Every structure is written in C-alpha cells, then in structure tokens.
Amino acid sequence: MDDLLEDFIAETRETLEAISGEIVAWESDPADRTRLDSIFRFVHTVKGSCGFLDLPRLGRLSHAAEDVLAAVRDGSRVPDTAMVNAVLAIVDRIGELVEAIDAGASLDDTSESLLIAALAPDAKPLVHVASAPQSRAASRSVRLNVDLLDHMMSGMSEMVLARNELARRLRDSESSVDPQVEAALERLSLTVADMRDTVTRTRMQKVDALFSALPRMVRDTSAELGKAVHLVIEGADVELDREMIELMRDPLVHIVRNAIDHGIEVPGMRRAAGKSETGRLVVSARQSGNQILIEIADDGRGIDVARIVAKAEQQKLYSAAELAAMSDAAKLDLIFAPGLSSRDEVTAISGRGVGMDVVRANIDQIGGRIALTNDPGHGLRIVVHVPLTLSILSTIVIGVGTQRFAIPRQSIEEIVTVRGDQVRIETIGDAAAVTVRGRRMPMVALASLFGLGAGPPPTLVIVSTREGEYALGVDSVVDTEELVVKPASPAVMATGVYAGKTLPDNGLPMLLLDTSGIAAVAGLLFAPTLANHAAAEEAVVPGIPALLFDDLDGQRRAIALAVIDRVEVVPTDAIRWSGGAMRLSVGGALVPLYAVGEFGGRADVSVLRLTDGESEMAYAITDAIEIVELPAEVAPARQAIPGGGGPIAGVVLIDGEPVELVDPHALFAGEPMKAAAPPVCLLQVDGSGWMETFLKPALEASGYRCVTALAAGETAAVALAMEDAPIRETAAPVVMLRRFRTAEGDDDGSIYRYDRPALIAAIAARRAQ
Amino acid sequence: MSDLFLVAHIAGRGVAIDAAQVDSVVDIGDIVAVPRAGTFVRGLAALRSRVVTVIDTGTALGLAPTPDTARRAVITMVEGHHYAILVDSVEDVAPFQRLALSPGLALQHGWATAGTGIVERDGEPLLIVDLAALIPASAPVV
C-alpha cells in the first residue's frame, strides 16, 4: 500500500508540474476546450486514485472540481474568471495535500469547504489562503524517466553487439590470440551478460504490482455502491515491462470501476435475474507469445447496446443515420467515444464519459489493443492485449530465395506445409488462395512479391492482421529469434512492407516484415462484411470448449476441454484390470482408467488423460474428433443412464446432433483412489529368486509394489511366503504359496504359485481382512 | 572563409562533400538487398553494430548504377538514420572556399538537385554535393 501511495504522490506531483502550463493557459482563455480536458483528466485521475487509496479529503476536492468541469464540458455552465480561480485553488490545494501526505505532515482542512463552496455559480471570489510551504520528505527510491531506461537498454544492446563483433574478430584473426586477451574478453562477456540481465530486469515488473491495488479498490467501490463483488485475481506472477505496468494502471482502474458500477447489478436485481447475489469479477493476466493478455471479466448485466446507441444520438456524437448504418461491433465500440456516458445519473465512481476514451487512448499509445466480448444480461469480458516489451521482439525468421526476413511472432497464427488435401494452393481468377483444413484465405507469395523467385511456395505462414488473415507463402522457416528491432530509414519504410530493421548475431542486417503492410501492398481486400461478421461472432460469449469424441461403445460424446491434460495413444497391454478397477500403467505410474466398452482386439487405444489438478485418470475412447463449444443449454441426464455411457452430465445439441456430455465430476468422484502410493506387497524370499523374477512383475502389473524388505516406517499391505519356507514375523496378513498344483488338505489356505487369478484374488482378499 | 571538404569521385566526376555531413569513410561488407525499395537503395549493411542503408549513388543521381564492386562509402546521418553513400574513390580532405554555382550552368540529372555550389581545387572546379539530396525520400523540397 505504501508503494501505491508513493506512486500516487510521485505521479500527482509530476502531472501537476506537467499541467501547470495548461492551467496558466486556461486561466487566460477559459473557453479553451483542450486545456479544460487535460485539467479535467487530472482531477478525474486524482479522484479515481483517492477512491482506493482512502484519501477522502482529496477525493472530496477532486470530485467537486470534476463536477464543475463536467458541467463546463457538457455546456451547462460557462466558465468565468471566478470559477477558473476556484478550480485552480482546488488544484493548488491538491498539490499541497499531496506534499503534506508525502512529508507525513498534517494540513488544516478548515478552508476546504470554502474552496468547494467557491465553485458554486454565485459564489464570491475566493480570498486565497496562503499555506505554509511544506518540506519534502527524502525518498529511498528514484523515479526514472522511461526514456532513460530505454536509452540504457539500447546502449546495452549496442554493447552486446560490440562484444560479439570483438569476439568474431578475435576468432577470425590469423595469429593465435594472447590468452590474456581471451581471458579479458571472457570477463567482459560475463559482465555484459550480467549487465544485460540487470538492465532487462529494471524494465520488468510482476503484474502483481498492477493488481495489488485491486482488492481494496473493489471492496471500497462495491461497498460504496451497495454491491457484493467477489474478486478473483489470476496470473499475478506474469512479468511485464515496467512502462507497460505504469501505462496500464489507469486503464485497469477505469475498467474495473466500470465493471462494478455499470456491470455488476445490486444484489436484489441479481437475485431477480437468477444469479447469485455476489457478483464475480475475474482479473487475470497471461502471456501469449510476446503479448500479455489482461482480462477483466464480470458476470453483470453486460452492455445494453441499444441504450448506448440512444445515448450517442442524444448526445449528438453521431447522426441517427450514421448510427443505423453501424455494425453491431461498431455500436459496441461507441463506449470508447469521447464524451459518451451510458449512465443517467452521475456517481462518485464513474459515469462522466471520461474513462473508456482515456482507456483506449492509453492502450493505443503502448501499441496494444482492446477487445470486448459482450453478453447482454450475463456479463462483459474485456481483454487488453499489450506487447510484452517495447524493445525486444520475439520473431520467426523465414527464408525467401537467398534472403531472410523476420516476422513478429504475435502476428503468426500457424505455419503449415503445402501438402495433400489439407493444405493446398488454388487460383481463383488471377488471385491466389489457399485452403487450410477447409478454411479458405488469400495468399501472398513473398518470393514473387519481392521479385526473389517464382513458383508455388512450399511453406505457408498464416498471419492475422487487424483486417483479416491471409497466408504468406515463403520458402522456409529458419529459426525463432529474439531481436532488438529498430526503425529503418525512410527510404526503406517507404516500401510499406517492413516494420523495422535488426542486426542478428550473424552480423547480416535483416528486415522485419509488416504483415498488414504486405496485405495492403499485395492488394488484399478484406471485405468489410466479413470483418463485421467476424467481429459479431466475437461479441458472442464463447461457450465452454469441449472435445467431441467417439466413445468405445460407438456413442458420440463430449467432455470439457479444461479437464483434459492430453490425448495419447497407449498400447492396450498397458491397461490391466486389477484391484477391481481398470488401470493404465504409464510412465512408471498407474492411472485409473475408465472405459465404457471393450477394447476388442486392438493393439492400442486412444486415451484422454484427465486431471483435476491433483489426481489423474484416463478415459479410453475410439477417436477424438474436434473441439467444439458447448451450448449454454444442457438437458440434464436422468440418473445414470442404464446400460451404458458411464457418468453423463446431460445431453447437449452440437450441430443439431444430440451429444452426451461426460460428467468429469462423477468420474473423479467415483474414483476413490487418488494418486496414492500403490499398496506394498512384502515378498519373503527364499533365496531361489523365483519370487523376484516370476512373482514380482505379475504383482506389480496388478498395482502392487513389491519389496523384499520393508524400509523404515513402511508397512506392508500383505506378505507372501512359500509354504516350506519359515515365516518371518510380520504384521501384514500372509498369503502362503505352494509348489504343487493340489492342496494337501481342505483347510490348506495356500495357493498354487502359478494360479494367477486365485493368487491375485487371495491377495486382494487378505488385504481387505 | 573556407570550410573543410572531402574530395571524392562519384560517377567518374570529382565532387566536394561538406565535411560536416561526413560521419566516416568506410569500406562496407556484405549488402543485404531490400526488395521493393527504390532502386537507389542498394540494400542494408552492417557497420559495426549499426545497420546502414546503402545508397546506389549512380541511380540516385539519375545516371548509370554504381557498379556492384563499389565498396567504398561515405557514411552520413540524415534525419537520425545512417546512410552509406557509395563513391568511386575518396581523395582527401581540405579547406576550400565555398563558391556559388556559376550562373547559367545547366546541370542535368540529379546533379541539379544535389549540387549546391562549387569549390575550386588548383583551378579545377568541383561541384559541392549535398548528400542529403541523394536520398530522395528525405530530399528537402527546394
């Protein structure tokens, strides 16, 4: 919390310095809208931060100033000198308060209501109350300009390159190198590597730094609004460039606030809508390629698009005709329009039309993008994609003709080889297209575009751009490489197909391709209808992904993808019926196996390896078909379905076909054995080696662990002994084995040593005693 | 007053280059082509840890392309980017008096935009070439 406060103080101080010029300019021209906006943003940000830092005085001041400025922004009040002075007095006071907080000093608050009162339209001009100058407290940390860190980082990469060059020169030189020089170079290398790590680390920070403020903020905000919100934070360990963290802070606060204020309903409404009274807000971060995805999902009411459109029309942001022509996605995007507020009343939390436009602006600034998934009545999911870092790019190096180019990894969907029916190149009119597993998309052959060759390319890189996806035909995929990319000269950039230049370790310059630019230069036209269609699809809340498969009994079933660890083919030999259950032995462990039918005569079978995070089990299937999305509606199954199927949660419609949905809960619940250690079977060996060589493998295949002596603290579940050997003291029940097929008498409890089923049964029975 | 000039040969002619524009004179190594770039861009080359854009000076002047064997280049920095301007040869650096272009001198091709003045070396006039003008994308509008 102290960190946050320090950040807030430093940030407010900096912003105050930055806007002091704006303030003076606004003073001389109160009608200047852009100055007004930047001062408005400042007080809005201060208000926002005060909310979760629990600074009520600052909150009151900034809220009052914001009210007045909002009135000016929407035209209901004309700024005059008295008002400007009153606002500036508040801005000054905010500055004084911040210094006081930093110094740990207290500041008299009697004049604050006067300051607020002076904002009223008919207030008397304010007499400025001078306050004693505050002393600044000394700080242990230093705030660095990110430019400086950038400079340090680029200096670092120069240093690495210089070292590499030095090493190369030494290696290439004819004469043998002085060992002392080599040692010096070695030391230099170590230092440089160490420095690089450190410098990189100065820029990286756990995303936790961004999330740590949320619990308190969510609690306070929801309490203020009389709502109950359960916050779930995931992936706080993900690391992100420090600069990104700073830039994401405000947008995240705005989005979370909006989610609580606009999204999650009050408990009464939630109950009426059939939801639990406590709203759920999930904030998560995960890395995907060289992007970090920050997702904020709530289960509130979602965005009422019709109302947004009505508001936009009412506030004259667009004409009715323009709005009518908009696609659904574009309508949803209206929430980012400057000045639009979807709320009818203004609260202390949000609803002033500043927020989402600032959010979008901040995210655009760092080269990120923001995607909305709206499910009216059920919630809103906002995914913010931000690049991992601004300086190092993860790329895939491809070869065309004799040249190599890099493609940013984040824009690559997949890489496929042209082969067979699955991936083929077609010519439609004079345009090239490819069909990849039934999906058709335009193709650009890089070799012919670059004049480096002709003929159909053997490899396709499927790239996705903002407009659509297409296949880029290349000759080969060479490598993946982390590259320091720098802007290329205008003469090179003018081609429109490059995003930058870089110098990889081999010392030959390489160009980074701009996939959107290539699409544009190649003349690919992505029909807007298609894009809208895709966007509309994206606006539907995705169902739970599930794997559709053919079960052993011939039924088609589905199981939630999340419980599947992997799908693998195992030999049927590895599956044994033991201890009353089917078990799969794999990789030295025994995993309970569920199968609804016989394996027949097949030599191997596909199994789904399921996991609930702790224990594992396997589910034998005939064939995995595809990944589908489960519809929201599941017709519940009536008890267990007689005669088949195993645990079935219900039936869902997939592509018009009823499909049974496997209930993983029942699978795991019906499986009492966790990943526990197999029972120990103590072999009382007689020195002939028969037990070790003959008996041990048979028993271990049945799920026992055989030992010839107990380790300290180990207890045997059962002991085995030959009838003619002396029985040693053991606490475990003993199964006697005899050498001859026939027993000596009826009361003889011994088992013929090659009667395997009887032996296994006897061991299981003795264990149960 | 006189300024320092680098005397070099471009497309078989002697020229003078303002030394303030010259970062260094080097022999560049392997050049990587830049497909789709203007023909005046020969490619990219690594110069120590920097990547420079190599300019085919002949083409940039609207004359015959500079031969592929040309490796000597004058490095200059224009608008924050380094360029290697291929030259036939470099003679020396010397102070000269900057003279205005002779009135009525009909310069053809790229010489017209690149030439900004004249220096006289031992009675022989040399055209002062503005290196920035050889890079069309960033050529100042006159």
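Select helix 3 (residues 56–73) and helix 4 (residues 81–103) of chain A, whose axes come within 10 Å and cross at roughly 155°; axes are lines fitted to C-alpha atoms over the stretch in contact, with angles from 0 to 180 degrees between N-to-C directions. Helix 3 of chain A is therefore roughly antiparallel to helix 4 of chain A (an angle over 145 degrees). This is a predicted model, in which local features need pLDDT of at least 70 and side-chain atom pairs count only at pLDDT 80 or more, while totals for chains, interfaces and linings use all residues. Residues are numbered from 1 along each chain as its sequence is written, and chains are lettered from A and ligands numbered from 1 in the order in which they are written.

Next, display the side chains between these helices. Contact requires C-beta atoms, placed from the backbone, within 7 Å.

Now select the side of chain A that touches chain B. Here 21 residues of chain A are in contact with 21 residues of chain B. Helix 6 of chain A gives the largest share of that side, 4 residues.

Finally, move to chain B, where 6 strands form an open sheet of mixed pairing in the order 3-7-8-6-5-4; strands pair if DSSP finds at least two bridges between them. Strand 5 (residues 41–47) and strand 6 (residues 50–55) of chain B pair in the antiparallel sense over 6 bridges. Within strand 6 of chain B, B:Val54 is the bridge partner of B:Gly43. Helices (H or I, at least four residues) and strands (E, at least two) are DSSP runs, numbered from the N terminus.

Conventions: Contact = placed C-beta atoms within 7 Å. Parallel < 35°, antiparallel > 145°, perpendicular 65-115°, else oblique.
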